Each structure stands twice: as C-alpha cells, then as structure tokens.
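I opened a new page for this one. My plan is to go from the whole chain to single residues and jot things down along the way.

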Amino acid sequence: MDYAPIWISLKTASVSIVITFFLGILVAKWVVNIRHEKLKMILDGILTLPMVLPPTVVGFFLLYLFGVRRPVGMFFLEYFGYKIAFSWSATVIAAVVISFPLMYRSARGAFEQVAARTLGMREGKIFWRVIMPMALPGVASGGVLAFARGLGEFGATAMIAGNIAGQTRTLPLAIYSEVAAGNMEGAYAY
C-alpha cells in the first residue's frame, strides 16, 4: 500500500487548518464589526460562495488565478520562480478556499452571540479576554469542520493541483484513481 496519499492529505489538512483557522477568525471579527448592513451582507455572500459552488468550479477559478499564464501565477513564477498550479501548495490553497467558509461562518456566528463592551478595555483585550473565550465552542467546531473538509477535499484539488502520484495525490484522489482504474481492492486499501 502506498502511504504517500495519506501523508499528503494529513500534511495538507494540517497546514490548511492553521491558515483557515486564523484567517477565518480575523475575517469573521472584521465582518462582525462592520456597521453597514448591506456591505456586511454582500461580503458574507462572497466569503461563503465556495461553500455553495461545486468544488470543481472553485478549482477552475483557482486554476484561472494561479495558472502560469494568469495574473497571480505569472507573478509567482516571474518573481519567485515558483509554479503554484499542480504543486503541493495548490493542494493547500484548494483546501483553504474550500474549508474557509465553514470556519468563517462558525466564528462569525459565535462572535455575534457575544456582545461585550467593557469600560476602559481596549478592543484587542476585549477580544482575547471576553469574546474569544465565550465564542470558543463555536470557533472550535468551525476549526474541526474546516479540518475535516480540507482533509476530504477532492474537486478543487483535482482542478488546481492535479493528481500527481507522490506530489499532489491526496487520499480522496488516490481512492478515486484506484476506482477509476477498476482496482477496487486498491481502493479498499486506503
């Protein structure tokens, strides 16, 4: 049995949850503090879009951004000599984008339930001493959901990272490859 897909999946999910966790908290806190309700609604729709779009559509959009002949992809290739599309980094990007809405929505919901303004405390201190401890169950559940979603990501990963054995083949892609090849015994090995 080839353990590389398991290792790649765990590595991808672990790195992506760190990014998703802090990014989700940061963006949720920012959106909760926006006073303009219409702007908040528009941002919320945009930020949760990857949750409702088919993963392959999200993957195609990511490929459109990070391809070697596309704006972000060209920038990384020209200035850093690094090709994002069809690399391990692409698996992380796909997992972050697909799992982000779960973390964001959970954190935002948890933050909105906590309405605390303590006299004389700075915003940062209020956030870390009052809001975050009270919102921790919701934030933690978002983290677990985001990790699980990143671990099982298939569609967007297949589009932007491909299915390169030993490099970008995650566990879901390895199982798919075995089933597509008619090797059901190999699929059960994972």
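Here are my entries, beginning with the ground rules.

**Ground rules.** I am looking at a predicted model, where local features need pLDDT of at least 70, side-chain atom pairs count only at pLDDT 80 or more, and totals for chains, interfaces and linings use all residues. Residues are numbered from 1 along each chain as its sequence is written, and side-chain values use heavy atoms, with hydrogens and water left out.

**Whole chain.** I looked up the secondary structure and found 9 helices and 0 strands. The definition I used takes helices (H or I, at least four residues) and strands (E, at least two) as DSSP runs, numbered from the N terminus. Along the sequence, the pattern reads α-α-α-α-α-α-α-α-α. The C-alpha atoms fill a box of roughly 65 × 40 × 30 Å along the principal axes.

Next I checked burial: 40% of the 190 residues count as buried. I noted the cut-offs: buried is under 20% relative accessible area, exposed is over 50%, and partly exposed is in between (1.4 Å probe, protein chains only).

Then I turned to contacts, meaning heavy atoms within 4.5 Å. Taking contacts between residues at least 6 apart in sequence, 68% join residues at least 24 apart.

**Salt bridges.** A reminder to myself: side chains of opposite charge can pair when their charged atoms come close. The rule asks for a side-chain nitrogen of Lys or Arg within 4 Å of a carboxyl oxygen of Asp or Glu. How many salt bridges does this rule give? The count comes to 5.

I started with Lys40 and Glu37, whose side chains meet at 3.7 Å, N to O, in a salt bridge. Both sit in helix H2 (residues 37-52), 3 residues apart, which is about one turn of the helix. Are the two partners buried or exposed? Lys40 is buried at 8% relative accessible area, while Glu37 is exposed at 52%.

Arg105 is partly exposed at 36%, but Asp44 is buried at 15%.

Asp44 also forms a salt bridge with Arg108, again listed at 2.8 Å, N to O. Here too, distant parts are linked: Asp44 in H2 and Arg108 in H5 are 64 residues apart. Arg108 is buried, with 9% relative accessibility. Salt bridges with shared partners join Asp44, Arg105, Arg108 and Glu112 into one network.

**Helix packing.** Two packed helices are described by the angle between their axes and the distance between the axes. I looked up H5 against helix H6 (residues 123-151): the axes come within 8 Å and cross at roughly 150°. My axes are lines fitted to C-alpha atoms, for helices over the stretch in contact, with angles from 0 to 180 degrees between N-to-C directions. H5 and H6 are therefore roughly antiparallel.

**Glu153.** Where is Glu153 found? It is in the loop between H6 and helix H7 (155-160). Glu153 is buried, at 1% relative accessibility. Apart from neighbours within four places in sequence, Glu153 is in contact with Pro55, Ile98, Thr170 and Pro172. I also looked at Asn183, which is 30 residues from Glu153 in sequence and 21 Å away in space, C-alpha to C-alpha.

How values were computed
Angles under 35 degrees count as roughly parallel, over 145 as roughly antiparallel, 65 to 115 as roughly perpendicular and the rest as oblique.
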